[in-house]
Amino acid sequence: MKSFVALSLLPLISALPGHGKPKPAPLKYPGLDVLAKKAGLLYFGTAIDNVVLDNKQYISIAHNRSEFGQVTPSNGQKWMYIEPQRNVFNYTMGDEIVKPAIKAGQMRRCHTFLWHNQLPEWLTSQNWTKTELVGILENHIKNEARHYYDECYAWDVVNEAYNDDGTLRSDIWLDTIGKEYIELAFKFARKYTSPRTRLYYNDYNIETVNNKSTAVAALVKDFKKRHIPIDGVGLQAHFVTGSAPSYDQISAALKLFTKLGVETAITELDVRTQLPDSAEKMAQQATDYTNAVKACVDGDDCVGVTVWDFWDPVSWVPETFPGQGNADLLDANFTRKPAYYKVSDMLGSYD
Ligand SMILES: *[C@@H]1O[C@H](CO)[C@@H](O)[C@H](O)[C@H]1NC(C)=O
Ligand SMILES: *[C@@H]1O[C@H](CO)[C@@H](O)[C@H](O)[C@H]1NC(C)=O
Ligand SMILES: *[C@@H]1O[C@H](CO)[C@@H](O)[C@H](O)[C@H]1NC(C)=O
Ligand SMILES: *[C@@H]1O[C@H](CO)[C@@H](O)[C@H](O)[C@H]1NC(C)=O
Ligand SMILES: *[C@@H]1O[C@H](CO)[C@@H](O)[C@H](O)[C@H]1NC(C)=O
């Protein structure tokens with residue numbers, strides 16, 4: 001009976017449009033997020049800045065879920081934009097990035113509740129008492145956390161609190177509140193975000209085992225011991241072509257944190273080059289990118305990689321490091337660079 005049915009259906013099936021044509025071969029480059037998920041990551045993501053929202057080609061790639069399964073607002077959720085006047089909240093710039101990401105089905109890493117930089121004038125232009133500043137901090141986190149209540153996979157609760165030597169950075173927070181400002185921020189974040197939001201400490205130059213990463217690990221260990229909420233450490237990974245940390249160095253740094261029971265993520269990956277660029281430099285950059293992504297893929301509890309934008313013309317690098325640039329995966333013409341292909345090939349090798 002079965003074979004009869006099958007045989008009698010054959011002419012019908014072969015008459016269907018498309019039947020008999022060879023199935024298209026799977027794309028070799030189906031997109032970074034597609035490949036990253038197959039390799040075991042939760043996401044491959046990108047930061048997006050508000051300055052480029054009117055560029056249709058940029059936006060079509062930025063919100064293409066095959067390329068990027070996760071989005072971070074580069075600037076839109078920073079204090080100076082979110083609370084430009086005391087207790088006056090403006091979510092326009094954050095929403096401009098977060099809402100299209102939700103619509104596109106991309107995860108969001110939200111960035112950042114507390115940083116020493118890009119603070120509003122009203123906050124930095126006068127001295128506060130400790131009590132006043134703690135109140136200001138709680139009010140800021142409360143409002144922003146409630147606005148994005150369940151919209152963020154993770155929040156960078158505190159950003160860049162340490163100096164490279166492992167001491168705490170002198171800034172308005174440390175100088176006014178003392179070192180407990182960090183745990184206060186995490187407690188406020190836990191109180192006002194959704195219970196499933198992952199709370200991260202995020203910093204640069206912690207991608208090797210050094211004084212700074214060791215200090216951050218000590219913070220995590222102390223928080224765990226005292227039951228202060230913390231779920232993850234973000235390694236920014238702003239690297240320089242040719243002097244980026246090796247795969248082994250990054251792997252060892254990731255372990256510093258994951259062995260304490262928190263997850264990790266590479267949160268701001270880019271690899272900047274001394275200009276003019278060359279084929280040799282691009283090949284080195286490709287290796288540097290790939291080492292970082294591979295260390296995350298191979299590391300236990302490294303959940304994903306975010307590039308700090310994917311398109312050279314909007315990179316923060318040329319403005320911050322004169323003479324350097326070309327730090328991203330796609331060049332000014334939206335052409336994929338060797339780094340794009342090498343990262344893709346490495347991720348594809350886990351299939
Ligand atoms: C999204 O990106 C993938 C991978 O690059 C590509 O194959 C696909 O055509 C893109 N989709 C759109 C709508 O541009
Ligand atoms: C909120 O921010 C947006 C973007 O910067 C700005 O255009 C708008 O005027 C602001 N709204 C208010 C009420 O200040
Ligand atoms: C803040 O305090 C410092 C040190 O006491 C003082 O030098 C400075 O003038 C004060 N700034 C303002 C804006 O009051
Ligand atoms: C690292 O910390 C040790 C003390 O803990 C100090 O002696 C050393 O100078 C520091 N190294 C750097 C590069 O800051
Ligand atoms: C982009 O394309 C134009 C025209 O082909 C070319 O002149 C330019 O060098 C390209 N830019 C980059 C960064 O490759």
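Modeller: One term to start: contact means heavy atoms within 4.5 Å. This is a predicted model, where local features need pLDDT of at least 70, side-chain atom pairs count only at pLDDT 80 or more, and totals for chains, interfaces and linings use all residues. Residues are numbered from 1 along each chain as its sequence is written, and side-chain values use heavy atoms, with hydrogens and water left out.

Colleague: OK, what is K78 in contact with, neighbours within four places in sequence aside?
Modeller: With those set aside, K78 is in contact with H111, W115 and Q118.

Colleague: And is K78 buried or exposed?
Modeller: Buried, at a relative accessible area of 6%. Buried means under 20%, exposed over 50%, and partly exposed in between (1.4 Å probe, protein chains only).

Colleague: Where does the side chain of K78 reach?
Modeller: To the backbone oxygen of S74, at 3.0 Å.

Colleague: Switching to ligands: what surrounds ligand 3?
Modeller: S125, Q126 and N127 do; here a residue is near a molecule if one of its heavy atoms lies within 4 Å of it. A polar side-chain atom of N127 is 2.2 Å from an oxygen atom of ligand 3.

Colleague: And which residues surround ligand 2?
Modeller: N90, T92 and M93. N90 has a polar side-chain atom 2.3 Å from an oxygen atom of ligand 2.

Key. Chains are lettered from A and ligands numbered from 1 in the order in which they are written. A polar contact is a pair of N or O atoms within 3.5 Å; within protein, one must be able to donate a hydrogen and the other to accept it, and residues adjacent in sequence count only if both atoms are side-chain atoms.
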